[in-house]
Amino acid sequence: MADETTVEDQGIPAPEGTVDLIDTDYEIGQDNIQTKIGPFGLDIHNPVFVISGLVIIAFVAFALFAADTANALFNGVNPEDVEGCEAGAFCDLGLRTYLTQTFDWFFLWGANIFVVFCLFLIVSPWGSVKLGGTEATPDYGYPGWFAMLFAAGMGIGLMFFGVLEPAYYFGTPWGDAPLGTVRPFGEDGALIQENVAEARRMALAATSFHWALHPWAIYAVVALALALFSYNKGLPLSIRSAFYPIFGERVWGWTGHIIDTLAVFATLFGLATSLGIGAQQANAGINYVYGVPNTMTVQVLLICGITAIALVSVLRGLDGGVKVLSEINMVVAMVLLLFVLFTAGAVGIFTDFISTLGAYVQEVIPLSNPHGREDTGYMQGWTAFYWAWWISWSPFVGMFIARVSRGRSVREFITCVLIIPSVVCIFWMAVFGGSAINDMIANPETSAVKANVIDSYAPELSLFAMLESLPLTAITSTIGVILVIVFFVTSSDSGSLVIDTITAGGKVDAPVPQRVFWCTFEGLVAIALLVGGGLGALQAMVISTGLPFTIILIVLCIGITKGLMSEKRA
């Protein structure tokens, strides 16, 4: 571990070597309210904690006690049932569909900007700037660093969508074919052999597009901004700090309060979506293997139970909680990956992986283009939602990556956060998605994957349907459920750490009860959204918070550029 000396004893490691500290009169925590409630000490930022806490409590109450109204808001209503509501209007479409149809171009262009910006930083002279100072050394080795990065960044998503997306795009039953690719099944469900190769190629390329460069570029931008302005500039570990070169001392006033409050909302709803999806998949897996009912009640109980486990991890701290669980999860995930790889046919899957890389490179620009597209089902229903989800996750994942990435050069940091995870995600999709597609091709009439993804859409069952076609189904499905749960725990724990840091004014050593508060409310928000509208509600809140935060991230790129220009290169 690096030297634990801290800046003004606020938990931020002191720079090592030459840095360009920003001269400001602001002291970390100067606006904080320090008090006690019984035996518990509090150190909360005013007004960020107060506003975000009260709004989220009010939202939970609204979604739980006005569930019908919430469901209509999130998922829309039948226009025939409501006077003055026309087809295609907001009241008909619901929040999620309305936003993705209206702002799809904005989400796509925003994500494209982040990818180009990150690739530029890798080859620019600023790539040699070291986070933490010219003499800084990494706090964590590569194995622990990668484990925490993956567990926080993609865990539940890879488990839920690793089979679902490739299988869905391959079958394309409802007009969502990426770039209008051919469909391999006829109206009678029979396989059209001459369409199989192209449908398979595009399915894996379109899936990789959602899990490779673009999401990791979004995370890298936020993580780099936080690390640079905290470790090199001596500012609080908070989103507002990266805007100092643009707004100056105003970032300590309402300009910064708004930025940090939006970051809290984006993070909380992004996490709640993941927790809701994780609960649905865990419930489906337990039902599939052990016959436990697949109901809202069971999902709520799962969220409660897993949140309780996350609270234990919160109390153990970063090294004793998230780090340990992340490393365990990475090993278990790798074992499951290798099992699927070799039992489903390693040679064919490796071939899929190489061809998928090529297809991804060939199709990434057409898939990134938001104009003149006819595949609006794919672009709006999938891509726009994904980019909003990744953007809403970016304060959480970005701050967590920044916390564990001190001592890396900008070039090493961007390369490891952008390129390596992209390749690993493409390989994951080739293994799980390739296996699912193989099963549908080999058994078009009896495939459990086709039955649960194409014939009747049950997305939470897709992973377990694929495992059914392989040996040791009960064991591997149980492992799948365990992975979902542990990813659930690590996301909740590390998310609580991040939100607590923001709402404590950038302090990284705030009292533990505050993290307990946020961990508890992450679970409550997930429950409230499930009760108030199901998956549609979860997705709606991600998009509504991701939209304004996209603007913040675009401006953030300017702040990073200004900050790097003044740093000495190693």
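Q: What is Ala284 in contact with, leaving aside its neighbours within four places in sequence?
A: This is a predicted model. In it, Ala284 is in contact with Asn294, Glu460, Leu461 and Phe464, its neighbours within four places in sequence being left aside. Contact means heavy atoms within 4.5 Å. Ala284 itself lies in helix α9.

Q: Why is Ala284 called buried?
A: Buried means under 20% relative accessible area. Ala284 has a relative accessible area of 0%, so Ala284 is buried.

Q: How far apart are the C-alpha atoms of Ala284 and Asn438?
A: They are separated by 23 Å. Along the chain, Ala284 and Asn438 are 154 residues apart.

Q: Where is Ser392, and which residues is Ser392 in contact with?
A: Ser392 sits in helix α12, residues 376–403. Beyond its neighbours within four places in sequence, Ser392 is in contact with Ala266, Thr267, Gly270, Val542 and Thr545.

Q: What makes Ser392 count as buried or exposed?
A: The cut-off for buried is under 20% relative accessible area. Ser392 has 0% relative accessibility, so Ser392 counts as buried.

Q: How do you know that Asp43 and Lys507 form a salt bridge?
A: A salt bridge needs a side-chain nitrogen of Lys or Arg within 4 Å of a carboxyl oxygen of Asp or Glu. For Asp43 and Lys507, the closest N and O atoms are 2.5 Å apart, and the pair forms a salt bridge. This pair links distant parts of the chain, 464 residues apart. Asp43 is in strand β2, and Lys507 is in the loop between α16 and α17.

Q: Why are Asp43 and Lys507 described as buried?
A: Buried means under 20%. Asp43 has 8% relative accessibility, so Asp43 counts as buried. Lys507 has a relative accessible area of 6%, so Lys507 is buried.

Q: What makes Arg200 and Asp352 a salt bridge?
A: The limit is 4 Å. The closest N and O atoms of Arg200 and Asp352 are 2.6 Å apart, and the two form a salt bridge.

Q: Are Arg200 and Asp352 buried or exposed?
A: Arg200 has a relative accessible area of 15%, so Arg200 is buried. Asp352 has 7% relative accessibility, so Asp352 counts as buried.

Q: How do you know that Glu198 and Arg201 form a salt bridge?
A: Their closest N and O atoms are 3.2 Å apart. The limit is 4 Å. Glu198 and Arg201 are 3 residues apart in helix α6, which means that about one helical turn separates them.

Q: Why are Glu198 and Arg201 called partly exposed?
A: Partly exposed is the range between buried, under 20%, and exposed, over 50%. Glu198 has a relative accessible area of 33%, so Glu198 is partly exposed. Arg201 has 22% relative accessibility, so Arg201 counts as partly exposed.

Q: How many salt bridges does the structure hold?
A: The structure holds 12 salt bridges. Glu16, Asp139 and Arg406 are linked in a network of salt bridges.

Q: Which residues form a negative surface patch?
A: Asp23, Asp25, Glu27 and Glu249 form a negative surface patch. Asp and Glu count as negative. Glu249 is found in the loop between α8 and α9.

Q: What makes Glu249 partly exposed?
A: Glu249 has a relative accessible area of 41%, so Glu249 is partly exposed. Patch residues need over 30%.

Key. Residues numbered from 1 in each chain as written. Predicted model: local features only at pLDDT ≥ 70, side-chain atom pairs only at ≥ 80, totals over all residues. Heavy atoms only, no water. Patch = residues over 30% accessible without salt bridge, like charges linked within 9 Å, V, L, I, M, F, W, Y side chains within 5 Å. Areas by Shrake-Rupley, 256 points an atom, 1.4 Å probe, with all protein chains shown as cover. Charge placed at Lys NZ, Arg CZ, Asp CG, Glu CD. Helix = DSSP H or I, 4+ residues; strand = E, 2+ residues; numbered from the N terminus. Buried < 20%, exposed > 50% of the residue type's maximum accessible area, 1.4 Å probe, protein only.
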